[in-house]
Amino acid sequence: MRRFALGKYARIVVLFFLLAFAFVCARMAYGAWLKSSVTERCEVSEIRYIFKGGAIKLLLEGEKKESPILIFLHGGPCSPIPFGFGARGVFPEFSKDFICVYWDQPGCGADYDSSMVGHSPDLYVELCLDIIKDLRKDFPKNKIYVFGISWGALLSAKLAAKYPDRVDGVVAYAQPLSKAGRTPDALERLQNAALSEEDREAFNESKDSEKWEDIMRLYGLLEEYVPTGTVDGASYGRVYSAFLWELISPDYSPREAYLAAFSRAKPQVYKDLLPSIFLCDLSKELSNVKIPYAVVQGDKDVLTSFENIRAFIDACGNPNLTLRTVENCAHIPSDAAFAAIIDELSKIRK
(Lines give C-alpha, C1' and ligand atoms only; values in the text may rest on other atoms or scores of the structure.)
Protein backbone atom coordinates (compact mmCIF):
# COMPACT_ATOMS: atom_id res chain seq x y z
CA MET A 1 0.00 0.00 0.00
CA ARG A 2 1.47 3.32 -1.06
CA ARG A 3 1.91 5.88 1.72
CA PHE A 4 0.69 9.43 1.12
CA ALA A 5 3.46 12.01 1.63
CA LEU A 6 3.36 15.79 1.37
CA GLY A 7 5.90 17.42 -0.89
CA LYS A 8 8.43 19.89 0.47
CA TYR A 9 6.50 23.02 -0.55
CA ALA A 10 3.19 21.57 0.62
CA ARG A 11 4.69 20.99 4.06
CA ILE A 12 5.88 24.59 4.16
CA VAL A 13 2.38 25.82 3.27
CA VAL A 14 0.77 23.62 5.92
CA LEU A 15 3.30 24.80 8.53
CA PHE A 16 2.63 28.42 7.59
CA PHE A 17 -1.12 28.03 8.06
CA LEU A 18 -0.67 26.18 11.35
CA LEU A 19 1.57 28.97 12.65
CA ALA A 20 -0.87 31.61 11.40
CA PHE A 21 -3.74 29.79 13.10
CA ALA A 22 -1.76 29.54 16.35
CA PHE A 23 -0.93 33.26 16.17
CA VAL A 24 -4.59 34.21 15.63
CA CYS A 25 -5.68 32.02 18.55
CA ALA A 26 -2.96 33.46 20.80
CA ARG A 27 -3.87 37.01 19.77
CA MET A 28 -7.56 36.38 20.54
CA ALA A 29 -6.71 34.88 23.92
CA TYR A 30 -4.38 37.77 24.75
CA GLY A 31 -7.02 40.29 23.66
CA ALA A 32 -9.68 38.70 25.85
CA TRP A 33 -7.33 38.59 28.83
CA LEU A 34 -6.18 42.18 28.33
CA LYS A 35 -9.69 43.59 28.02
CA SER A 36 -10.77 41.69 31.13
CA SER A 37 -7.68 42.80 33.05
CA VAL A 38 -8.04 46.48 32.13
CA THR A 39 -11.79 46.48 32.78
CA GLU A 40 -11.20 44.98 36.21
CA ARG A 41 -8.55 47.58 37.06
CA CYS A 42 -10.15 50.65 35.48
CA GLU A 43 -13.47 52.33 36.20
CA VAL A 44 -13.23 53.88 32.73
CA SER A 45 -12.47 51.50 29.87
CA GLU A 46 -14.38 52.11 26.67
CA ILE A 47 -14.25 52.88 22.98
CA ARG A 48 -16.25 55.79 21.66
CA TYR A 49 -16.56 57.55 18.33
CA ILE A 50 -16.33 61.10 17.00
CA PHE A 51 -17.98 61.53 13.62
CA LYS A 52 -15.98 63.88 11.43
CA GLY A 53 -14.99 62.67 7.99
CA GLY A 54 -16.08 59.21 9.15
CA ALA A 55 -15.95 57.62 12.58
CA ILE A 56 -12.79 58.46 14.54
CA LYS A 57 -12.24 55.96 17.34
CA LEU A 58 -11.22 57.02 20.84
CA LEU A 59 -9.94 54.63 23.52
CA LEU A 60 -10.64 55.83 27.07
CA GLU A 61 -8.82 54.21 29.99
CA GLY A 62 -8.53 55.36 33.59
CA GLU A 63 -8.61 53.80 37.04
CA LYS A 64 -10.90 56.47 38.53
CA LYS A 65 -13.88 58.27 36.97
CA GLU A 66 -13.04 61.44 38.87
CA SER A 67 -9.44 61.58 37.57
CA PRO A 68 -8.42 64.39 35.21
CA ILE A 69 -8.50 63.61 31.50
CA LEU A 70 -5.28 63.32 29.48
CA ILE A 71 -5.63 63.57 25.70
CA PHE A 72 -2.67 62.13 23.79
CA LEU A 73 -1.54 63.78 20.54
CA HIS A 74 0.81 61.34 18.85
CA GLY A 75 3.79 62.16 16.66
CA GLY A 76 4.55 61.83 13.00
CA PRO A 77 2.74 63.30 11.37
CA CYS A 78 0.72 60.10 11.19
CA SER A 79 2.81 57.85 13.49
CA PRO A 80 0.36 56.75 16.20
CA ILE A 81 2.49 54.15 17.99
CA PRO A 82 3.16 54.25 20.93
CA PHE A 83 0.56 56.83 21.98
CA GLY A 84 -2.29 55.88 19.66
CA PHE A 85 -5.53 53.91 19.67
CA GLY A 86 -3.79 50.57 20.28
CA ALA A 87 -2.46 51.54 23.71
CA ARG A 88 -5.00 49.65 25.83
CA GLY A 89 -3.25 48.48 29.00
CA VAL A 90 0.17 49.61 27.77
CA PHE A 91 0.65 52.64 30.05
CA PRO A 92 -0.73 51.92 33.55
CA GLU A 93 1.59 54.64 34.84
CA PHE A 94 -0.63 57.14 33.02
CA SER A 95 -4.06 55.55 33.59
CA LYS A 96 -3.34 55.36 37.33
CA ASP A 97 -3.73 59.14 37.65
CA PHE A 98 -5.59 60.13 34.48
CA ILE A 99 -8.40 59.08 32.20
CA CYS A 100 -6.26 58.56 29.10
CA VAL A 101 -7.69 59.32 25.67
CA TYR A 102 -5.82 57.55 22.88
CA TRP A 103 -6.67 57.97 19.21
CA ASP A 104 -5.14 57.71 15.76
CA GLN A 105 -5.36 60.95 13.83
CA PRO A 106 -7.27 60.84 10.52
CA GLY A 107 -5.40 59.16 7.70
CA CYS A 108 -3.34 56.70 9.76
CA GLY A 109 -3.65 53.52 11.84
CA ALA A 110 -7.20 52.77 12.98
CA ASP A 111 -8.45 55.85 11.10
CA TYR A 112 -6.47 55.31 7.91
CA ASP A 113 -9.68 55.25 5.85
CA SER A 114 -11.01 58.55 7.16
CA SER A 115 -12.67 60.58 4.41
CA MET A 116 -11.69 63.91 5.99
CA VAL A 117 -10.25 66.26 3.37
CA GLY A 118 -7.96 69.29 3.45
CA HIS A 119 -5.65 67.98 6.18
CA SER A 120 -3.88 70.73 8.11
CA PRO A 121 -2.79 71.45 11.70
CA ASP A 122 -5.73 73.85 12.12
CA LEU A 123 -8.17 71.13 11.08
CA TYR A 124 -6.64 68.73 13.63
CA VAL A 125 -6.86 71.40 16.35
CA GLU A 126 -10.57 71.76 15.62
CA LEU A 127 -10.89 67.98 15.83
CA CYS A 128 -9.24 68.13 19.27
CA LEU A 129 -11.88 70.67 20.28
CA ASP A 130 -14.62 68.30 19.07
CA ILE A 131 -13.10 65.54 21.21
CA ILE A 132 -13.03 67.84 24.25
CA LYS A 133 -16.68 68.83 23.72
CA ASP A 134 -17.69 65.19 23.46
CA LEU A 135 -15.80 64.25 26.63
CA ARG A 136 -17.44 67.10 28.51
CA LYS A 137 -20.84 65.41 28.09
CA ASP A 138 -19.83 62.55 30.40
CA PHE A 139 -17.03 64.23 32.36
CA PRO A 140 -18.33 67.77 33.00
CA LYS A 141 -16.14 68.50 36.04
CA ASN A 142 -12.89 66.69 35.21
CA LYS A 143 -9.91 68.83 34.34
CA ILE A 144 -8.52 68.25 30.85
CA TYR A 145 -4.80 68.06 30.08
CA VAL A 146 -2.94 67.32 26.85
CA PHE A 147 0.26 65.43 26.15
CA GLY A 148 1.80 66.06 22.73
CA ILE A 149 4.95 64.56 21.26
CA SER A 150 6.85 66.00 18.26
CA TRP A 151 4.17 66.63 15.60
CA GLY A 152 1.63 66.23 18.42
CA ALA A 153 3.45 68.99 20.33
CA LEU A 154 2.94 71.29 17.35
CA LEU A 155 -0.79 70.60 17.70
CA SER A 156 -0.73 71.04 21.49
CA ALA A 157 0.89 74.48 21.12
CA LYS A 158 -1.75 75.60 18.64
CA LEU A 159 -4.56 74.13 20.76
CA ALA A 160 -3.32 75.84 23.94
CA ALA A 161 -2.97 79.16 22.11
CA LYS A 162 -6.40 79.08 20.47
CA TYR A 163 -8.47 77.46 23.24
CA PRO A 164 -6.83 78.19 26.61
CA ASP A 165 -10.27 78.05 28.25
CA ARG A 166 -10.74 74.43 27.11
CA VAL A 167 -7.46 72.94 28.35
CA ASP A 168 -6.05 73.11 31.89
CA GLY A 169 -2.43 72.36 31.01
CA VAL A 170 -0.02 70.75 28.56
CA VAL A 171 3.07 68.57 28.77
CA ALA A 172 4.98 68.38 25.48
CA TYR A 173 7.91 66.20 24.48
CA ALA A 174 10.21 67.03 21.51
CA GLN A 175 8.55 70.41 21.11
CA PRO A 176 8.99 71.97 17.65
CA LEU A 177 9.60 75.70 17.54
CA SER A 178 10.91 76.74 14.12
CA LYS A 179 13.28 75.66 11.32
CA ALA A 180 13.06 71.97 12.31
CA GLY A 181 16.11 70.05 11.08
CA ARG A 182 17.98 73.19 9.99
CA THR A 183 18.66 75.13 13.18
CA PRO A 184 22.28 76.27 13.75
CA ASP A 185 23.08 73.23 15.92
CA ALA A 186 21.69 70.83 13.30
CA LEU A 187 23.67 72.51 10.52
CA GLU A 188 26.82 72.46 12.66
CA ARG A 189 26.43 68.71 13.24
CA LEU A 190 26.09 68.17 9.51
CA GLN A 191 29.02 70.49 8.76
CA ASN A 192 31.23 68.36 11.02
CA ALA A 193 29.89 65.00 9.83
CA ALA A 194 31.84 62.73 7.50
CA LEU A 195 29.73 63.50 4.44
CA SER A 196 30.52 61.97 1.10
CA GLU A 197 31.73 64.35 -1.57
CA GLU A 198 28.36 64.30 -3.28
CA ASP A 199 26.47 64.85 0.00
CA ARG A 200 28.85 67.63 1.02
CA GLU A 201 28.00 69.42 -2.20
CA ALA A 202 24.27 68.88 -1.56
CA PHE A 203 24.65 70.23 1.98
CA ASN A 204 26.43 73.38 0.82
CA GLU A 205 23.78 73.99 -1.82
CA SER A 206 20.86 73.48 0.58
CA LYS A 207 21.90 74.83 3.98
CA ASP A 208 20.78 78.44 3.36
CA SER A 209 17.81 77.64 1.14
CA GLU A 210 14.13 77.90 2.05
CA LYS A 211 13.00 75.84 -0.94
CA TRP A 212 10.99 72.79 0.07
CA GLU A 213 13.14 70.34 -1.90
CA ASP A 214 16.29 71.69 -0.22
CA ILE A 215 14.71 71.47 3.24
CA MET A 216 13.87 67.82 2.56
CA ARG A 217 17.38 67.20 1.24
CA LEU A 218 18.86 68.55 4.48
CA TYR A 219 16.46 66.41 6.51
CA GLY A 220 17.56 63.33 4.58
CA LEU A 221 21.22 64.13 5.26
CA LEU A 222 20.48 64.70 8.94
CA GLU A 223 18.75 61.32 9.23
CA GLU A 224 21.61 59.59 7.43
CA TYR A 225 24.62 61.16 9.17
CA VAL A 226 23.42 62.36 12.59
CA PRO A 227 21.70 60.15 15.21
CA THR A 228 18.44 62.09 15.59
CA GLY A 229 16.28 59.41 17.19
CA THR A 230 18.25 57.54 19.84
CA VAL A 231 21.50 58.07 21.73
CA ASP A 232 24.13 55.47 22.57
CA GLY A 233 24.10 54.58 26.26
CA ALA A 234 20.46 55.55 26.84
CA SER A 235 17.77 52.98 27.65
CA TYR A 236 14.65 52.76 25.48
CA GLY A 237 12.94 49.70 26.95
CA ARG A 238 9.69 51.53 27.69
CA VAL A 239 9.07 52.84 24.19
CA TYR A 240 10.20 49.61 22.48
CA SER A 241 8.05 47.39 24.69
CA ALA A 242 5.06 49.67 24.06
CA PHE A 243 5.65 49.38 20.32
CA LEU A 244 5.64 45.57 20.49
CA TRP A 245 2.55 45.34 22.70
CA GLU A 246 0.60 47.68 20.44
CA LEU A 247 1.42 45.57 17.40
CA ILE A 248 -0.77 42.85 18.92
CA SER A 249 -3.35 45.22 20.41
CA PRO A 250 -6.83 43.65 20.45
CA ASP A 251 -8.23 47.00 19.34
CA TYR A 252 -6.27 46.98 16.08
CA SER A 253 -7.09 44.69 13.22
CA PRO A 254 -3.93 43.16 11.68
CA ARG A 255 -4.21 45.67 8.85
CA GLU A 256 -4.57 48.61 11.26
CA ALA A 257 -1.60 47.42 13.33
CA TYR A 258 0.54 47.23 10.20
CA LEU A 259 -0.60 50.68 9.06
CA ALA A 260 0.04 52.19 12.50
CA ALA A 261 3.50 50.68 12.84
CA PHE A 262 4.97 50.69 9.36
CA SER A 263 2.91 52.56 6.80
CA ARG A 264 2.57 56.08 8.26
CA ALA A 265 -0.42 57.49 6.40
CA LYS A 266 -2.22 57.87 3.15
CA PRO A 267 0.38 59.44 0.86
CA GLN A 268 -1.70 62.56 0.23
CA VAL A 269 -2.36 63.09 3.95
CA TYR A 270 1.35 62.80 4.76
CA LYS A 271 2.19 65.13 1.89
CA ASP A 272 -0.34 67.68 3.17
CA LEU A 273 0.92 67.60 6.78
CA LEU A 274 4.69 67.15 6.51
CA PRO A 275 5.50 70.78 5.58
CA SER A 276 3.72 71.95 8.73
CA ILE A 277 6.41 70.67 11.07
CA PHE A 278 9.36 71.87 8.96
CA LEU A 279 7.93 75.29 8.08
CA CYS A 280 6.19 76.10 11.36
CA ASP A 281 7.09 78.98 13.65
CA LEU A 282 5.39 78.55 17.03
CA SER A 283 7.10 81.51 18.69
CA LYS A 284 3.89 83.52 18.98
CA GLU A 285 1.81 80.62 20.30
CA LEU A 286 4.35 79.57 22.93
CA SER A 287 5.46 83.01 24.09
CA ASN A 288 1.86 83.99 24.83
CA VAL A 289 0.59 80.69 26.26
CA LYS A 290 -1.83 81.36 29.12
CA ILE A 291 -1.97 77.91 30.72
CA PRO A 292 0.76 75.76 32.31
CA TYR A 293 2.85 74.38 29.45
CA ALA A 294 5.77 72.12 30.41
CA VAL A 295 8.25 71.19 27.69
CA VAL A 296 10.32 68.03 28.19
CA GLN A 297 13.23 67.97 25.75
CA GLY A 298 16.22 65.71 25.19
CA ASP A 299 19.51 67.60 25.30
CA LYS A 300 20.76 65.75 22.18
CA ASP A 301 17.69 66.50 20.07
CA VAL A 302 18.68 68.33 16.88
CA LEU A 303 15.54 67.56 14.89
CA THR A 304 13.25 69.56 17.17
CA SER A 305 16.25 71.42 18.47
CA PHE A 306 16.94 71.44 22.20
CA GLU A 307 19.21 74.47 21.83
CA ASN A 308 16.53 76.31 19.91
CA ILE A 309 13.73 75.72 22.42
CA ARG A 310 15.99 76.33 25.44
CA ALA A 311 17.14 79.72 24.17
CA PHE A 312 13.57 80.67 23.32
CA ILE A 313 12.11 79.73 26.71
CA ASP A 314 14.94 81.49 28.54
CA ALA A 315 14.34 84.66 26.54
CA CYS A 316 10.54 84.85 26.43
CA GLY A 317 10.05 85.06 30.20
CA ASN A 318 6.57 83.51 30.23
CA PRO A 319 6.07 81.88 33.67
CA ASN A 320 3.58 79.42 32.18
CA LEU A 321 6.21 78.02 29.82
CA THR A 322 8.84 75.78 31.45
CA LEU A 323 11.61 73.47 30.26
CA ARG A 324 12.65 70.10 31.70
CA THR A 325 15.93 68.85 30.23
CA VAL A 326 16.55 65.11 29.81
CA GLU A 327 20.25 64.37 29.58
CA ASN A 328 21.67 62.00 26.95
CA CYS A 329 18.37 61.84 25.08
CA ALA A 330 17.35 62.81 21.55
CA HIS A 331 14.04 62.80 19.66
CA ILE A 332 12.70 59.39 20.75
CA PRO A 333 11.81 59.36 24.46
CA SER A 334 14.24 57.33 26.54
CA ASP A 335 13.26 55.68 29.82
CA ALA A 336 14.59 58.78 31.59
CA ALA A 337 12.34 60.92 29.37
CA PHE A 338 9.32 58.79 30.30
CA ALA A 339 10.10 59.35 33.98
CA ALA A 340 10.41 63.11 33.37
CA ILE A 341 7.11 63.21 31.44
CA ILE A 342 5.28 61.41 34.25
CA ASP A 343 6.83 63.74 36.82
CA GLU A 344 5.81 66.85 34.87
CA LEU A 345 2.27 65.51 34.50
CA SER A 346 2.07 64.96 38.24
CA LYS A 347 3.22 68.56 38.83
CA ILE A 348 0.89 70.12 36.32
CA ARG A 349 -2.22 68.43 37.70
CA LYS A 350 -1.67 69.64 41.28
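Author: Let's begin with Asp-134, which is found in helix H3. Helices here are DSSP runs of H or I with at least four residues, strands are runs of E with at least two, and both are numbered from the N terminus. One caution: this is a predicted model, where local features need pLDDT of at least 70, side-chain atom pairs count only at pLDDT 80 or more, and totals for chains, interfaces and linings use all residues. Residues are numbered from 1 along each chain as its sequence is written, and side-chain values use heavy atoms, with hydrogens and water left out.

Reader: Okay, is Asp-134 buried or exposed?
Author: Buried, with a relative accessible area of 14%. Buried means under 20%, exposed over 50% and partly exposed in between, using a 1.4 Å probe and protein chains only.

Reader: And what is Asp-134 in contact with?
Author: Arg-48 and Ile-50, if you leave aside neighbours within four places in sequence. Contact means heavy atoms within 4.5 Å.

Reader: Which strands does H3 lie across?
Author: S1, S2 (55-62), S3 (69-73), S4 (99-103) and S5 (144-149). H3 itself covers residues 121-138 and runs at about 130 degrees to S1. Axes are lines fitted to C-alpha atoms, for helices over the stretch in contact, and angles run from 0 to 180 degrees between N-to-C directions.

Reader: What's the order of strands in the sheet?
Author: S1-S2-S4-S3-S5-S6-S7-S8, an open sheet of eight strands with mixed pairing. Two strands pair if DSSP finds at least two bridges between them. S1 (44-51) and S8 (321-326) each have a single partner strand, so one side of each is left without a neighbour in the sheet.

Reader: How many bridges join S7 to S8?
Author: Six, and the two strands run parallel. Ala-294 stands opposite Thr-322 in S8.

Reader: New topic: which peptide bonds are cis?
Author: One of them joins Gly-76 and Pro-77, with omega about 10 degrees. Another goes from Ile-81 to Pro-82, with omega near 15 degrees. Pro-77 lies in the loop between S3 and helix H2 (92-95), and Pro-82 has its place in the loop between S3 and H2 too.

Reader: Why point those out?
Author: Because most peptide bonds are trans, and most residues other than glycine have a negative phi. On the phi side, Ser-150 is near 60 degrees and Ala-174 near 55 degrees.

Reader: Where is Ala-174 found?
Author: In the loop between S6 and helix H5 (184-191). Ala-174 counts as buried, at 0% relative accessibility.
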